[in-house]
Amino acid sequence: MTIGLFGFGCVGQGLYDVLNHSQGLQANIEKICVKNANKPRKIDMSYFTYDKTEVLGKNNLDVIVELIDDSDEAYKIVSEAMSNGVNVVTANKKMLAENFESLYKLQEKNNIALIYEGSAGGSIPIIRNLEEYYDNELLSSFRGILNGTCNYILTRMELESKNYDAILNDAQSSGFAESNPWLDVAGFDTLYKTCLLTVHSFGMILKPEQILNLGIQNITFDDIVYAREKGLRIKMIGTGYKVGENGNGKFRVYAMPHFVIAKDELYNVMYEYNGVEVEGAFSCKQTFVGKGAGSHPTGSAVLSDISALTYDYKYGYKKLKKQASIAGKLPNGELLDNDFEIKVYIRFKDKAEIKDIEIISVEEEYKSTRTNYIVANVKFKSLFALKGNAESKVFVCAV
Ligand SMILES: NC(=O)c1ccc[n+]([C@@H]2O[C@H](COP(=O)([O-])OP(=O)(O)OC[C@H]3O[C@@H](n4cnc5c(N)ncnc54)[C@H](OP(=O)(O)O)[C@@H]3O)[C@@H](O)[C@H]2O)c1
């Protein structure tokens, strides 16, 4: 395999190391395109270019591996490579989730592979399993801790009895959180991964704006104490599940903090680890646990994709094609159900902060001068008022 690589950061360097230790795969990186010409590099400078056409224009490449941190530029690189008929491996969940339909069409049109195991669940082989192993299984749900940064912060808040800001600062200095952590802590990263798992679980393409994501950015130690007193843990979870009759039912898909009970397999998934539970009619519940991010774990998922290309692997999208044949077009949201009631814990300072949430009934209420919370059944749709709202200080957790 001759590889053209974009990006030599955390994952790109991880891939380079993993590739050097791989005994089975005969592959070499021909050229690496990066952005910053002044950065020192750990390997010979002759590998590098700062001009993307130098990689995209090569005609001896078997695969282009895209591992950059700019999703708009990544989309341009990936679509150009695919239009040139070159197979692509990527780990860029934001780019994939935001452009899924057009990337899917490009694959079909050019009959080439775009594979992306590293984009969800880090080292956990979840996408190919959903696509292949659960192909004929009547999958009813997936639910996963998909963001290592959120899980790391939640774990340390609980185990060290500390506040969010203290742990976030520490996580940033030790490399477990980005300097701008918004996409992680506000639930967007979990949302993008949830979009991808929805395609491979249920054959449904959803746009990120169609799915609710709420994050942990407003969590306080009071919320951890509330959970702890009830024997629960708070976990940031992306989930998708079927409702109604099999085959013609609808799907609920969202990403938000959840209380989990001690018997839940996800309860003991701690620190930067990820865990995904899949439930099928015959297989029942199965849980995958592994490192959710990081240089070598993600590099190994990328290597596995490169290796899969040696036997001409590509996603068959059988569930997506089946849904499309039923609907007469690519399904993009018609089967999504956002119109239901959900029980949530809502912590807020002032009632005005939650005026847009349609509350149906309150089961528990606590008031004090410092903070207030309710446990209530609410209209799920109304929670969209908090999606991506950087002004809001409200914390919401599914009960
Ligand atoms: N980090 C993880 O654990 C992890 C896990 C799963 C998926 N991912 C995904 O993997 C991708 C890479 O993440 P990362 O953590 O490796 O990022 P990173 O450490 O920030 O590295 C980004 C790399 O992209 C290069 N780059 C940025 N813009 C470019 C452009 N326009 N043209 C060419 N190169 C460009 C940078 O070049 P310079 O070196 O010159 O700055 C750098 O080498 C992202 O999509 C991320 O979401 C990451």
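D70 caps the N-terminal end of helix α3, with a side-chain oxygen 3.1 Å from the backbone nitrogen of D72; a polar contact is a pair of N or O atoms within 3.5 Å, where within protein one must be able to donate a hydrogen and the other to accept it, and residues adjacent in sequence count only if both atoms are side-chain atoms. The model is predicted: local features need pLDDT of at least 70, side-chain atom pairs count only at pLDDT 80 or more, and totals for chains, interfaces and linings use all residues. Residues are numbered from 1 along each chain as its sequence is written, and side-chain values use heavy atoms, with hydrogens and water left out.

**Helix α3**

- Helix α3 spans residues 71-83, 13 residues in total; helices (H or I, at least four residues) and strands (E, at least two) are DSSP runs numbered from the N terminus.
- From first to last C-alpha, α3 reaches 18 Å, close to the 18 Å expected at 1.5 Å a residue; the expected span is 1.5 Å times one less than the number of residues.
- The buried residues of α3 include S71, A74, I77, V78 and M82 (buried is under 20% relative accessible area, exposed over 50%, partly exposed in between, with a 1.4 Å probe and protein chains only).
- G85 follows α3 and has a positive phi, near 85°.

**Ligand surroundings**

- There are 22 residues around the ligand, and C10, N36, K39, R41 and G294 come nearest; a residue counts as near if one of its heavy atoms lies within 4 Å.
- This shell divides into nine nonpolar, seven polar and six charged residues (Ala, Val, Leu, Ile, Met, Phe, Trp, Tyr, Cys and Pro count as nonpolar, Asp, Glu, Lys and Arg as charged, and the others, Gly among them, as polar).
- A backbone N or O atom of V11 lies 2.8 Å from a ligand oxygen.
- In the side chain of K39, an N or O atom is 2.7 Å from an oxygen atom of the ligand, and a polar side-chain atom of R41 lies 2.8 Å from a ligand oxygen.
- On its own the ligand has 900 Å² of accessible area, of which the protein covers 82% (Shrake-Rupley method, 1.4 Å probe; for residues, only the protein chains shown count as cover).

**Strand β11 and its partners**

- Strand β11 (residues 273-280) is largely enclosed by the rest of the structure, because six of its eight residues are buried.
- Strand β7 (residues 139-145) runs antiparallel to β11 and is joined to it by six bridges; two strands pair if DSSP finds at least two bridges between them.
- The hairpin from β11 to β12 passes through three residues.

**Open parallel sheet**

- Six strands form an open sheet with parallel pairing, in the order β3-β2-β1-β4-β5-β6.
- Its edge strands, β3 (48-49) and β6 (114-115), each pair on one side only.
- Two bridges join β2 (residues 28-33) to β3, and T49 in β3 is the bridge partner of C33.

- S161 has a positive phi near 50° and lies in the loop between α7 (148-160) and α8 (164-173).
- The relative accessible area of S161 is 38%, so this residue is partly exposed.
- Y271, also not a glycine, has a positive phi of about 50° and sits in the loop between β10 (250-261) and β11.
- Y271 is partly exposed, at 33% relative accessible area.
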